[in-house]
Every structure is written in structure tokens, then in C-alpha cells.
Amino acid sequence: MRSIPLHLAFLLAACASGGSISTVSGAADSPFVGTWAQREAVAGTSFVLTLAVKDSTVAASGTYSAEGNRSGTVTGTGTISGERLRVAITYGGNGLAQFEGQLASPRVLSGALHFGPPESLTPAAIVTFDRKN
């Protein structure tokens, strides 16, 4: 199994939502729609994720960079259920991760990112993104 650097775990996160935020599940004007950038990235690393919503389905795309001059694209699909966002992510061509989270505010997404296939027992990382648009 391929080892994932801890900072990459912090790069590939997204989405958290507090109970005081009204979400519009299934709407193009969902508060999850937009471009989100990782907060407090390690020097030389970055993660940017763009989320699109149609009905309760989410499409994700973006980019990441990591130590060792590694970079690439991120894609994903997922769902919104109430105020919860779940996205299955593919990064770097063959890396897998799952994100589950909520909006902490209209401009802040937070949640847990689990690397590996869904059935793996790898630990999750807590990640936070800030809205860029």
C-alpha cells in the first residue's frame, strides 16, 4: 500500500456545516457550490476544490500540489443529504479518499478526510477550506 504524507491528508479535505446555516439540497444555488482552497497549507503545498451541485449530486474537480514537486488533478462525485456533504475523491491518477463534512459558515468548509478505499482502516484527517469565490 502506498504511503500518503500527512500534509497531503490536510490538502484533500473539504466541507463542514453548522446547524445555523440553511442549505438548499439539490439546488444549483447550494451553499456548497463554488471554489474552495485549503486553509493553513504546509509550505509548498496547496489544494483547491471546485464543487458543482445538481439535485443532490455533487461533482468535484480541482488541483493539488505536495512535497517532492508532486502535483495533479482531483476529481470526485458525491451527494448532499441535508447539511452533510459526502464526496469520493480520486487524486494523482489512482489515489482514493472519502470526504464527509459540513459548512462551518457560508465561507468555511470543514470535515474528515479518509485516505484509501472506503473499506480501509486508515485514519481520517480533519481539514478546512475557505471559499474563494
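**Salt bridges and strands**

Colleague: To start with R39, what is its relative accessible area?
Modeller: R39 has a relative accessible area of 34%, which makes it partly exposed; buried means under 20%, exposed over 50% and partly exposed in between, using a 1.4 Å probe and protein chains only. Please keep in mind that this is a predicted model, in which local features need pLDDT of at least 70 and side-chain atom pairs count only at pLDDT 80 or more, while totals for chains, interfaces and linings use all residues. Residues are numbered from 1 along each chain as its sequence is written, and side-chain values use heavy atoms, with hydrogens and water left out.

Colleague: OK, and which side chain does R39 meet in a salt bridge?
Modeller: The side chain of R39 meets that of D130, at 2.7 Å from N to O, where a salt bridge is a side-chain nitrogen of Lys or Arg within 4 Å of a carboxyl oxygen of Asp or Glu. This pair links distant parts of the chain, since R39 sits in the loop between β1 and β2 (46-54) and D130 in strand β8 (residues 124-131), 91 residues apart. Strands here are DSSP runs of E, at least two residues long, numbered from the N terminus.

Colleague: How many salt bridges are there in the whole structure?
Modeller: The search finds 3. One of them joins the side chains of R84 and E100 at 3.0 Å, N to O; R84 lies in strand β5 and E100 in strand β6 (residues 95-105), so this pair ties together parts that are 16 residues apart in sequence.

Colleague: Which residues form a network with E100?
Modeller: R84, R86 and E100 are linked in a network of salt bridges, with E100 and R86 meeting at 3.1 Å, N to O. R86 is in strand β5 and E100 in strand β6, so that pair ties together parts 14 residues apart in sequence. R86 is partly exposed at 37% relative accessibility, as is E100 at 30%.

Colleague: Switching topic, how do β4 and β5 run?
Modeller: They run antiparallel, joined by 8 bridges, with β5 covering residues 84-91; two strands pair if DSSP finds at least two bridges between them. V74 stands opposite Y91 in β5, and the hairpin has 2 residues between the strands, with G82 in the turn at a positive phi of about 65°.

Colleague: And what about β3 and β4, over how many bridges do they pair?
Modeller: Strand β3 (residues 57-66) and strand β4 (residues 70-81) pair in the antiparallel sense over 10 bridges, and A60 has G76 as its bridge partner in β4.

Conventions: Helices (H or I, at least four residues) and strands (E, at least two) are DSSP runs, numbered from the N terminus.
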